[in-house]
Amino acid sequence: MFPVISAAVPADKRAEAPRSGLGHRFLRIKNELFDSARRIKAAVTGKPRVTEKLGFSFEPQLDGEPINGRGDIGAGQRVSEQLLLTGIADNGPESDELDSTAAALTRLFTQYAADIEKHEKEIGMELDKMGRNSPLEYANNLIKLLFSRKIWAGDYDRHMKVTGHDTAINKLFEQVFALDKLRALESRKLFIGKAILEMSCGTGTAIQLLCGNASAEVKSELKVFGNDISDAMKDIAREKLAGTCNVEYTSHDLRKLEFPNGTFDTAILSQTLHLITDPEKLKEEIDESSVRGISDHRNAKVEVIAGAFETLRPGGHFLLIDEWPAVLSETVANPVQRLVARLFSKTFRPIQERADIRTDIMTKIPDANFVAELKVPIDKWHSMYMFIYEKKEDSGPKKQLPAVGSAKKAQHDSDVLCYGVDPKEVLEMVVTDTSIAKARKDAEMRLDAAFSEVDEKFRNAYSHMNGGHRWKKFRRLLRPRTTLRIEKPSDIGRLGKKKWDTVVISRQMHQLTWEQKGKTIEKAIDALEECGALMIVDEWDPPYGSPYPIERKRQLWDEVMREFQKTDRIMFEASLKEPIMAGYEASNMYGYVYRKLK
């Protein structure tokens, strides 16, 4: 819900004037500028010209094409940061019109800048009054002010459309519903259940996109609770969602959700994580006038997520949607955005590394089970991510696999599953080679099917987005004739013989030394066609008897994959988890997909 400012605005995304908010007047004036710029363009064709620079910056467009610094149309170019109004060097009638237009617009924006300054002083007085409140009241009132009609509520939907955030979230829901179709075939609990909590619903964008992806039958069964402390945002949501979804609105503080435990099948936290703060710490930071180099308030964020898990039923799912990297622009394009960015900086506390929040959830929330991490691009620099976690079901005492085979076989069989117990207890948990091999293969096949569904939506998302940027065309994942599977060490020798669209390294990470892991992955990347996919599949906890086990999944990223991504050789696409055997949590099959960039 924070304003990361986009670049140029395509003509088809130039929204109507918002209902209210600081951007309302700016948008009207901007449209007047478009009309004047068209007259300027027609008048200056083929004539010498001089320029006059206005006192503020933004990026105008004519008929979907940006105006460059020379005052003419430059197809596909980014416009200059400063708008240059064009005049004519001679004394003809066009010169008089252009000079008059430039003078009028200069006066218009000068007055507009004065109005913005006045408005900012009024807001500053409100903030001073709020500063005398308790830390919790201050933190909540600051959010209410930011998302009031006088600041951001009226412009929020337009911001979502212009930046492509709404498109990215929609593509994430497309992936989720595709995965749910597979889960329905296996009679597994769906990610999108019937009782849904949108923890910070804002203007209802996430609810609208979720319901838009649901079938008529599914949508008729949904009961959605839209929670937000901003009445202005909820008012817009009520208007926008009327007649489309069954939504009930609440105003609970995220830090203390007042729902009975086990109320919901699905809880969603969308584009809010980076705004969640510890009120006491926030008040200290504001009082010290320091908004740089400050804490990311991770503990406060995890506590809010833990509260969401309390509202879930066993087996329910928590969906975290947000943008990385999350930044506020310091050189934004117009006075409104500069003011909004300054206000948001008071409560904007981003988590820089996605891995940090993943680790916090898994280590600090006992009921959380990782299921998936999905991704959709916003623009060349930012992507929207969705993390899916499952609330553990209360299955009672730990189950054991049936004991089969002799003690001698159990002691020496390196393919025995160890479910997080002392190796001595493995004797009681032995299964035949045939059954465990089948269970593992079935888990891999489910991962293949799930990744194929996700990959189709991922590749479709890499099209014209946010200003017309054309993305590379990624190669289809897991096409039979263009896929190489590394399933044993001897397969590694096949990597240098031809180029592949997909290379799958299957259950080799616990069999190789760290040096061998790195070299194998590097060879796999080299063997890929440009925009091909590297898929790593393996089991955690590591199978008992693995010669070089990776105890924590993040070690693979920290020790190997990070270096390839730092040099822009690869980019992350998705990760998924599949259980190996129903009812046993300690060992699962995980898959990670990366795309080769160069």
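Which loop holds Asp 541? Asp 541 sits in the loop between β14 (528–540) and α16 (553–566).

## About the model

This is a predicted model, where local features need pLDDT of at least 70, side-chain atom pairs count only at pLDDT 80 or more, and totals for chains, interfaces and linings use all residues. Residue numbers start from 1 along each chain as its sequence is written, and side-chain values use heavy atoms, with hydrogens and water left out.

Helices (H or I, at least four residues) and strands (E, at least two) are DSSP runs, numbered from the N terminus.

## Cis peptide bonds

Back to Asp 541: a cis peptide bond joins this residue to Trp 540, with omega at about -5 degrees. Trp 540 is also where β14 (528–540) ends.

Another cis peptide bond links Trp 324 and Pro 325, and here omega is about -15 degrees. Look for Pro 325 in the loop that runs between β9 (312–324) and α11 (335–344).

## Positive phi values

Leu 478 isn't a glycine, yet its phi is positive, near 65 degrees. You'll find Leu 478 in the loop between α14 (433–461) and β12 (483–486). With a relative accessible area of 15%, Leu 478 is buried (under 20% relative accessible area, with a 1.4 Å probe and protein chains only).

Arg 507 has a positive phi too, near 55 degrees, again in a residue other than glycine. Its loop lies between β13 (500–506) and α15 (514–526). Arg 507 comes out as partly exposed at 28% relative accessibility; that label covers what falls between buried, under 20%, and exposed, over 50%.
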